[in-house]
Each structure stands twice: as structure tokens, then as C-alpha cells.
Amino acid sequence: MRGKGFKSPLHAVGFYVVVAAFVIITLFPLWWVLRLSVVDAEELAASPGAVGIPEVLFDDPKSKTDNPWLPLSYETIFADPNFKRGLTNSVIIAGFTTLFCLAIGSLAAYALARIEFFARRPVLSLVLAISFFPAVAIIAPLFLQFQGLGIINTYWAVIIPDVLIALPLTVYLLVAYFRELPKDLEEAAKVDGASTWQAFWRITIPLSLPGVVTTGLLTFIFAWNEFLFANTFTLDPTVQPATVLIPQFATIYTTDYGAQAAAAIVLTLPLVILVLLFQKKIVSGLTAGATTG
Amino acid sequence: MSVAAEAGRAQTTERAGPWSRVTREFTDPEKRTAYIMILPVLLVILLIAAWPIVYAVYLSFLRILPTVREFVGVDNYSALFTDHTFYQGLLNTTLFTVVSVVLEFALGLGIALVLNRGFVGQGALRAIAIVPWAFPTVVSGIMWRLMYQDQIGIFSYWAEQLGIISGPVLASEGSILVGAILSDVWKTTPFVALLLLAGLQVIPADVYEASRVDGATPWQQFTRITLPLLKPAILVALLFRTLDAWRVYDLFWVMSDRQLESLSTYVFKFVRISQVNLSVGNAAAVFVFLSSLLIAFLFIRFLGTRAQEA
């Protein structure tokens, strides 16, 4: 079934048609929204069905707004203090979630990848079960408890449950990366008298650093995209992450579609670039995490 | 681990009764270290998942008001099962889950089968496939809502040119549901395809070779070789997608300006917006948890092989 040759020219044509359709359909919404964030109102009204490169890009930039290189829609949203605040909050929440997940997840992943012990398989299943866990099931009890602790409307109220739901991803990716490493070096170190902890910290972590970085990146994206906990446990823009703020833009910038599009682009483009840079590791990590489950 | 330690362990195992096996889990320094290493993760799961679930079940039998908490038996559940909005949420969630998972699986499998051959640009294609996965669901919801928008949206433009619809695309709850399904299919089909492709690529090529020699048709190869060997990957993909769709929240929230009800939006509304009814919302949350458990059980029961074999 695999192999270079096609059975007939017809097969080849069919194959490339499917590939082309897949690429176009996958990327089209991103392109269209990117385009919407750049065009100006007149061009948008004049050609509602256009999908090509917007003409406004060919205009003389000096005839445009104060900042000639930044389209108006982007100026609008970056002038919104809540939007900037939301981006900062997102970075803080996703950043701390990633740090906590890496700290406790790498320890567990090392034990699960390297040490034979009775609880290994039950713990792997338990961690996998958490990734199927419906987050909405625990928002009522957590809301009451966070209220009791007085941490509603703080970063903690989002970071704590985010750590829980991001952990399965972190642990499974790290288990896959740790298993890729040859055992020889750790075993040699242990013969020389190193403890399991030293083997983990001095050998496994430095050697699997690219894997740890990729895992951190994916955990960050995962936490960055989280919405339900943030929407439940934060109440005002001082702590709300961008995912919670951005749906409100539909009512704030009712007819300024360009601003809504620009906000969507700002929130996703960094993720898309990161994903494309690390795609090889991400794809193998994600599918390994799922197929070794 | 050194050879000597291995030999020593083998000896203890020979003499080991059940008790000494238990104690050895904690006396062997390496195993003890393993338990210490998994402890923080276990604590997080215990404190943030297990305990809240137990607490939620307990709370679902109480009436909770800011000042009083009293035992009311199954009152919250009877209030839930007589609430028209709850059934609306249940119906929308069920329709959304069934239709989007069936579409994503069928399309994903088709794409995976087509892509399962060496060709130039396979790496680039995988990179593209992972792009929608990286989008926050709220953002893809907003992007699709803009595309459906009746003045500037490209979909409403095409729909009007083709004469399918005139007027706003997202006008009724039914059309919002269709819109949400399309958006979800766009976002997750590539990921399903990648999962299934990974499963296809571990099937050894000589199995196909051998069956071809025995005169198997391509259809027989597909049903007798590909599908059975792909079962573990299919289980993972279906289980992931179904339970993910079953908890749909962000997409409905954004697409419909909070109008379209799902099970999760129902819980959220009662917990966060009208806290007088927190108890009923919490009962609905327990329902979501138990139904997810049932779905997982059914999938594993009917599709499960030794998928746990790592």
C-alpha cells in the first residue's frame, strides 16, 4: 500500500486533488481572517467575496494612519487596555501552569518511563483518564471551595485547575521522550554510585532537553487555550486571560469586524508559528502519547 | 540496574509471599523513589479531580443557598429532569457529538488512508494538519462566526451567490448548531487523521504483500487487515473526540452569543450566573460526569483490545 509509484495517472491525479483540497480547506479560514484584519472598510464593502491579496497592501503606506506599517484594526485593539491586560494575564496563567506541570510531571514521567513498580500501570491509566475528564463536572465544588479560600478572581483560581487538565499531556509526552533515551548512561551513572534522583537530574533531564522544551511549549498552548475555568473563576479584566476577553469583543466592536479579526489573529498567530517551528517533534509526541496510551 | 541487583531481586521473588511483595515495593530504594516521584501528580489528581467529584456528588443532595445548606434528597435531580432547558442542552449536545464525531472520523480515516504513502511534502502536510489544533476553540469560533456573518462573511456571500440561503446564516438555533459542527469538523478532522495515520504506519507492509499473494481484493484488505489492526488507534481517536465533543462549551458560547444550550453551558449558567440554582447546576454536572463515564465504558467494552499494551 505504501511506496512511491501510483497505479495509474488517474490515481496520481486523485491523490494530489485530495492533498490540495485538504491543504486549502485547512488553511482557508486562517487566510480569510488574516485578510479581514488587514483590509480597510471601503475595500471590504466594495468586494465582499474577495479572497485574494488585499489591494490596500499595495497602497502607499505613507497615505495611511499614524503608524503606516500597522493596519488600523491592529491599532484599534492594541489601543484597548483590556486587550493588552488580557494578553499579559494569559502569559502569566499559561506560564505558571506550564512551570508547575513540568516540575511535577517530569518527576512522575521519569518514574513511569524508567522504573518497574507495581503502581506504574494504574497510575498511567489514571493520568489518561484525567484527559477524558469533563472539566465542567468540578466547577461547582471548586467554585465553593475557591470562594471559601478567597481566591476567586485571582490567577490561582485558574492556574490550579489548569494544572490538573494540562498534566496528562505533559506526562504522556515526557514519558514518550524519556523512553526514547538509551538507558546505558543512567545505568553507568548508577554503577558509579549515583542515586535515581541524580540520574534523573544530571543525565535524563539534560539529554532530553529538546523533548522537555517541546512538552513545555505544548503545555503552554494547552493552558493558553483554556476557557471554561478562566470564564468561571475570573470576574473582571484585571485577571481575565485573553480567551475570556475576546468573545466580548463581538459586543464591544460590534461592526468593527476588522478589530475582531485582528484580535483573533494576535491570539493565534504566535501559536501557529511555534507549532510550525516545532512541528516534527509535536506530531510525533502527540501521536506517540495517544498510541502508547 | 546492575546484574547483581537483578539476581538478588530474582532470589527474593522466589521466596516472596504476597506480603513481602508489598513490602518490597517500599523497601527497594528504586521503587520507593518511584513512589515519591509520582506523589505530587497523585496529590494534584486527588485534590483537584477526585475530591471535587466526591464533593459534587455529596452537594447534589443538598440545597445550597448563601446562608443555608440542607439535605433535600433527590430534589435537585427531579428539578433537573423536569427542566425543559436541560433537555434542550442534552439534545443539542447529543446531536453535536454524534454528527461531528461521525464526520470527523469518516473524513479523518479517508485522509489518513490517502496520505499513507511516501510522497514529497509529507512533513509539510503534517505541519499544516496540526495548525487548527493549536487554535483556541473560542478563537476558531470567532473566526467562523465572522465567516458566517451576513454582511461581510465569506460563507454567507457564497450561500447567497449560490442561492442557498438569503439573509443571515446563523439565524436559528438549528443553523447555529450546523455552523458549530462545521467549525468543529474543520478544527479536529486533521488531528483525527494524524492519529489514524500514526496507527496505519505501524502496520507492517508485508502483511498486505502476503494477502495480495493470496488473492485478497483491496476491499478485503481494508476490512480484514487495516480495520482490525487499526483498532487501538480508532479507539483512542473516537474516545478522545466523543468525550471532547460531549463537554462542548466554548464553541456554543461564542457562536451563539450564549444562546445555544449544551450540557456544559447549562451547568455553567447555574453555577456562575444564578447562584440560587447552584444545586441544580451541580446535579447536572454530576450527570455530565456519569454520562462521560458511561460513554468511555461503552467504547472500551466494544472497541477495546489490549490497547494498554505500551
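The dialogue below concerns a predicted model.

Q: Which residues of α1(A) and α14(A) meet?

A: From α1(A) come A:V33, A:L34, A:L36 and A:S37, and these meet A:Y257, A:G258, A:A261, A:A262, A:A264 and A:I265 of α14(A). By class, the residues of this contact of α1(A) with α14(A) are eight nonpolar, two polar and no charged.

Q: Where does α1(A) pack against chain B, and what is the orientation there?

A: The partner is helix α7 (residues 137-148) of chain B, which packs with α1(A) at an angle of about 75°, with the axes 10 Å apart. An angle of 65 to 115 degrees counts as roughly perpendicular, and α1(A) and α7(B) are therefore roughly perpendicular to each other. On the α1(A) side the contact is made by A:P29, A:W32, A:V33 and A:L36, and on the α7(B) side by B:M143, B:W144, B:L146 and B:M147. The contact of α1(A) with α7(B) comprises eight nonpolar residues, no polar and no charged.

Q: Which residues of α8(B) are buried, and against what do they pack?

A: In helix α8 (residues 154-161) of chain B, the buried residues are B:I154, B:F155 and B:S156. The buried residues of α8(B) pack against α1 of chain A together with α7 of chain B. After α8(B) comes B:G163, with a positive phi near 75°.

Q: How is an interface between chains described, and how many residues does each chain give to the contact here?

A: The size of an interface is often given as the accessible area lost when the parts come together. A residue count is given here: chain A contributes 82 residues and chain B contributes 84 residues. On the side of chain A that touches chain B, the largest share, twelve residues, comes from α1(A). That side of chain A divides into 63 nonpolar, 15 polar and four charged residues.

Q: How do α9(B) and α11(B) lie relative to each other, and what is the handedness of their crossing?

A: Helix α9 (residues 173-200) of chain B packs with helix α11 (residues 218-246) of chain B at an angle of about 160°, their axes being 8 Å apart. The helices α9(B) and α11(B) are therefore roughly antiparallel to each other, and their crossing is right-handed. Among the residues making the contact are B:V192 and B:L196 of α9(B) and B:V236 and B:R241 of α11(B). The contact of α9(B) with α11(B) divides into ten nonpolar, two polar and one charged residue.

Q: Is α10(A) largely enclosed or exposed, and what span should its residues cover?

A: Of the 16 residues of α10(A), 13 are buried, so this helix is largely enclosed by the rest of the structure. At 1.5 Å a residue, the 16 residues of helix α10 (residues 209-224) of chain A should span 22 Å, and the end C-alpha atoms are 22 Å apart, which agrees.

Methods:
Residues are numbered from 1 along each chain as its sequence is written. Chains are lettered from A and ligands numbered from 1 in the order in which they are written. This is a predicted model: local features need pLDDT of at least 70, side-chain atom pairs count only at pLDDT 80 or more; totals for chains, interfaces and linings use all residues. Two residues are in contact if their C-beta atoms, placed from the backbone, lie within 7 Å. Helices (H or I, at least four residues) and strands (E, at least two) are DSSP runs, numbered from the N terminus. Ala, Val, Leu, Ile, Met, Phe, Trp, Tyr, Cys and Pro count as nonpolar, Asp, Glu, Lys and Arg as charged, and the others, Gly among them, as polar. The expected span of a helix is 1.5 Å times one less than its number of residues. A residue is buried if 20 or more other C-beta atoms lie within 10 Å of its own, exposed if 12 or fewer, and partly exposed in between; C-beta atoms are placed from the backbone. Axes are lines fitted to C-alpha atoms, for helices over the stretch in contact, and angles run from 0 to 180 degrees between N-to-C directions. Angles under 35 degrees count as roughly parallel, over 145 as roughly antiparallel, 65 to 115 as roughly perpendicular and the rest as oblique. A crossing is left-handed if the near helix is turned anticlockwise from the far one by less than a right angle, and right-handed if clockwise.
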